[in-house]
Amino acid sequence: MAVERMAETEDWTALLLAVRDRQDRAAFAVLFRHFAPRIKGFLMKSGASGALAEECAQDVMATLWHKAHLFDPARASVATWVFTIARNRRIDALRRSARPEPEDLPWGPEPEPDQQEAMELAEDTRRLGDAIARLPEKQRELIEKAYFGDLTHSEIASETGLPLGTIKSRIRLALDRLRQSLS
């Protein structure tokens, strides 16, 4: 009778305290009937599928039962506490779905490269090396510093004492020549 009176007055705090203090199943049933569909709707509005929202709602209500001892009415209302749990479950579900499953992770040795691809790559590398060797010395040095030395244009300017605009112009000209040589 007392649980029915609390449900009629929507005294969610009293119901949750009954769950917390006495593991009151009737109080939990009232909380479940009220909050489970609302949690599911909340999660679906936030983008969860119906199945995921249902699963999370069940999980939230199970958490409410098992962790009712953590509820502090001085810190939050029942609705705030319940929907915070729901929000956190949704975030956890998103994180889990973003991670690859263990069976999706590559393992073992990498497959051997295709011989044709390996030969084409070696030929492309040789052609690029020849094209770089044919560049004027000033352009070749800047290309080597930028791409093989991993220096920024500003670092090259500091190292060589050349103006930044000159560095950029020479690299751009060198790249144009390389494109023409390789096409």
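**View 1. Leu 142, Lys 145 and Ala 146 of helix H7 meet Ile 156, Glu 159 and Thr 160 of helix H8.** Contact here means heavy atoms within 4.5 Å. By class, this contact brings together 3 nonpolar, 1 polar and 2 charged residues (Ala, Val, Leu, Ile, Met, Phe, Trp, Tyr, Cys and Pro are nonpolar; Asp, Glu, Lys and Arg charged; the others, Gly among them, polar). This is a predicted model, so to speak of local features takes pLDDT of at least 70 and side-chain atom pairs need pLDDT 80 or more, while totals for chains, interfaces and linings use all residues. Residues are numbered from 1 along each chain as its sequence is written, and side-chain values use heavy atoms, with hydrogens and water left out.

**View 2. Helix H7 (residues 137–148) and helix H8 (residues 153–160) cross at roughly 130°.** Their axes come within 10 Å (lines fitted to C-alpha atoms, for helices over the stretch in contact, with angles from 0 to 180 degrees between N-to-C directions). H7 and H8 are therefore oblique to each other (under 35 degrees is roughly parallel, over 145 roughly antiparallel, 65 to 115 roughly perpendicular, the rest oblique). In the loop between H7 and H8 you'll find Asp 150. Asp 150 isn't a glycine, yet its phi is positive, near 55°. With 66% relative accessibility, Asp 150 counts as exposed (over 50% relative accessible area; under 20% is buried, in between partly exposed, with a 1.4 Å probe and protein chains only).

**View 3. Helix H3 (residues 25–45) crosses helix H5 (residues 78–98) at roughly 45°.** The two axes come within 11 Å of each other. That angle makes H3 oblique to H5, and the crossing of H3 and H5 is right-handed. On the H3 side, the residues that meet H5 are Leu 31, Phe 35, Arg 38, Ile 39, Phe 42 and Leu 43. Across from them in H5 sit Val 78, Ala 79, Val 82, Phe 83, Ala 86, Arg 87 and Arg 90. Sorted by class, the contact of H3 with H5 has 10 nonpolar residues, no polar ones and 3 charged ones.

**View 4. The largest nonpolar core holds 28 residues.** A core is a set of buried Ala, Val, Leu, Ile, Met, Phe, Trp, Tyr and Cys residues joined through side-chain atoms within 4.5 Å. Those with the most contacts inside this core are Leu 16, Leu 31, Phe 35, Ile 39, Leu 64, Val 78 and Val 82. Zoom in on Leu 64: setting aside neighbours within four places in sequence, Leu 64 is in contact with Leu 16, Phe 28, Leu 31, Trp 81 and Val 82. Apart from this core lies another one, of 12 residues, including Leu 142, Ile 156, Ile 171 and Leu 178.

**View 5. Gln 23 sits in the loop between H2 and H3.** Gln 23 has a positive phi of about 50° even though it is not a glycine. At 46% relative accessibility, Gln 23 counts as partly exposed.

**View 6. Zoomed back out, the protein has 9 helices and 0 strands.** Both are DSSP runs numbered from the N terminus (helices H or I, at least four residues; strands E, at least two). Along the sequence the pattern reads α-α-α-α-α-α-α-α-α. Buried residues make up 26% of the 183 residues. Of the contacts with a separation of 6 or more, 56% link residues 24 or more positions apart.

Terms used: Left-handed = near helix turned anticlockwise from the far one by under 90°.
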